[in-house]
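I opened this entry to keep track of what I looked up, starting with charged pairs and ending with the overall fold.

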Amino acid sequence: RGTFTVSNLGMYDITFFTSILNPPQTGILSIGKTVDRPVVREGAIVIRPIVQMSLAVDHRVVDGSVGAMFLQDLKQGLENPGLLL
């Protein structure tokens, strides 16, 4: 009967999925498998671990922009762990 759930299917080799909310949940974060991918950093192509996440929120309880800000903060925290201290 939680209000927020984290669902991870990365251990099953799933890179991306979208979970469905079950009442009385307000939100559910879906996390897939981390995969090494090429990205551009400071003008150079480098390999970095990338994870895809999706967030479903009950818009009767939480505005979508609040969910987007949550994902933005989570991304920044994962990219810069020192910010989480």
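**Salt bridges, burial and fold**

I began with Glu-79, which is partly exposed with a relative accessible area of 45%, where buried means under 20%, exposed over 50% and partly exposed in between (1.4 Å probe, protein chains only). I noted that this is a predicted model, in which local features need pLDDT of at least 70 and side-chain atom pairs count only at pLDDT 80 or more, while totals for chains, interfaces and linings use all residues. Residues are numbered from 1 along each chain as its sequence is written, and side-chain values use heavy atoms, with hydrogens and water left out.

I then looked up the partner of Glu-79, and found that its side chain meets that of Lys-75 in a salt bridge at 3.0 Å, N to O, the term standing for a side-chain nitrogen of Lys or Arg within 4 Å of a carboxyl oxygen of Asp or Glu. Both residues lie in helix 1 (residues 64–79), four residues apart, about one turn of the helix; helices (H or I, at least four residues) and strands (E, at least two) are DSSP runs, numbered from the N terminus. Lys-75 is also partly exposed, at 47%.

How many salt bridges does the structure hold? I found three. In one of them Lys-33 pairs with Asp-13, the closest N and O atoms being 2.5 Å apart. Lys-33 lies in the loop between strand 2 and strand 3 (35–41) and Asp-13 in the loop between strand 1 (4–8) and strand 2, so the pair ties together parts that are 20 residues apart in sequence. Lys-33 is partly exposed at 32% relative accessibility, whereas Asp-13 is exposed at 52%.

Arg-60 forms a salt bridge with Asp-58, with 2.9 Å between the closest N and O atoms. I recorded Arg-60 as exposed at 73% and Asp-58 as buried at 12%.

Next I checked Ser-30, which lies in strand 2 (residues 27–31) and counts as buried at 1% relative accessibility. Leaving aside neighbours within four places in sequence, Ser-30 is in contact (heavy atoms within 4.5 Å) with residues including Phe-17, Ser-19 and Met-53.

Last, I looked at the whole protein, which has one helix and five strands in the order β-β-β-β-β-α along the sequence. Its C-alpha trace spans about 45 × 30 × 20 Å along the principal axes, and buried residues make up 22% of the 85 residues.
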